[in-house]
Amino acid sequence: MKSLNQRCPPPDAILEISEAATTAQIRDAYKRAALKTHPDRVPADSSSERASRTRKFQLVNDAYYTLSDATRRRDYDAQRKLFTPPTPEADPFAEADEDIPRQPGGGPFSWAWNFFNNQSGGNAGNREQTENAQFSDVFEEMMREEGLAEDGTNRPTIKFWSMVGGVSGGALGFIVANVPGLVAGAVAGNRLGAVRDAKGKSVYAVFQELPQGDRARLLSQLASRVFSHVTGI
């Protein structure tokens, strides 16, 4: 059996939870960590900072990938007993701040995916797809919890359109398509929401269509809402 790299930071340290954390605590911790480290929180032209955030976001996703599944968590715990991980006091993101060349298959920043899928014969090429699916799942859950997405359909609510309108009128024009930004910015949220809902896209799909600067502002606003529910964050 292939062993975990001893340099790999413990997933519970990455998510800032205890080894005995419950499934709900792991999911909540992932939400906070993903919002903190998401690369879209920084400008696209900030190459070094964006690269560091991308590596941290990958570590966060690997940590959640490991702990969110009962079988993978059990296998990791078994490996933890065999190999001594870095001390809990160490910064779990220290290596993400280093300028380490990207390795085939993701290198040290996709250790969990490499370990579990090489072990089971999985295709490492699907890692980014899985990472995206993990984040979109919790993103839409957070948006529902904040009243920004509909229950069941995950389509944007009027409240979402109001928030996006406050972020950027130009972004609204981009989303609706063929509507000049200044005009779109003046359209009532109810009307604009109806346009998008008719196309049936989820709130995450709409988020992905936003210009990067508007994604950054939306993530920051969402983070402020989510963190306000938690003390000590």
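The legends below describe close-up views of a predicted model.

Residues are numbered from 1 along each chain as its sequence is written. In this predicted model, local features need pLDDT of at least 70 and side-chain atom pairs count only at pLDDT 80 or more, whereas totals for chains, interfaces and linings use all residues, and side-chain values use heavy atoms, with hydrogens and water left out.

**View 1. Packing of helix α2 (residues 23-37) against helix α12 (residues 212-227).** The two helices, which are DSSP runs of H or I with at least four residues, numbered from the N terminus, pack at an angle of about 145° with their axes 10 Å apart; axes are lines fitted to C-alpha atoms over the stretch in contact, and angles run from 0 to 180 degrees between N-to-C directions. R32, L35 and K36 of α2 meet L219, L222, A223, V226 and F227 of α12, contact meaning heavy atoms within 4.5 Å.

**View 2. Helix α6 (residues 127-145) and the residue G147.** The end C-alpha atoms of α6 are 27 Å apart, which agrees with the 27 Å that its 19 residues should span at 1.5 Å a residue, the expected span being 1.5 Å times one less than the number of residues. Just after α6, G147 takes a positive phi of about 75°.

**View 3. Confidence around helix α9 (residues 181-186).** Mean pLDDT, the predictor's confidence in each residue from 0 to 100, is lowest in α9, at 42, and highest in α2, at 96. Over residues 178-191 the pLDDT is below 50, and this stretch has 16 contacts in the model beyond near neighbours in sequence. Where pLDDT is low, predicted coordinates should not be read in detail.
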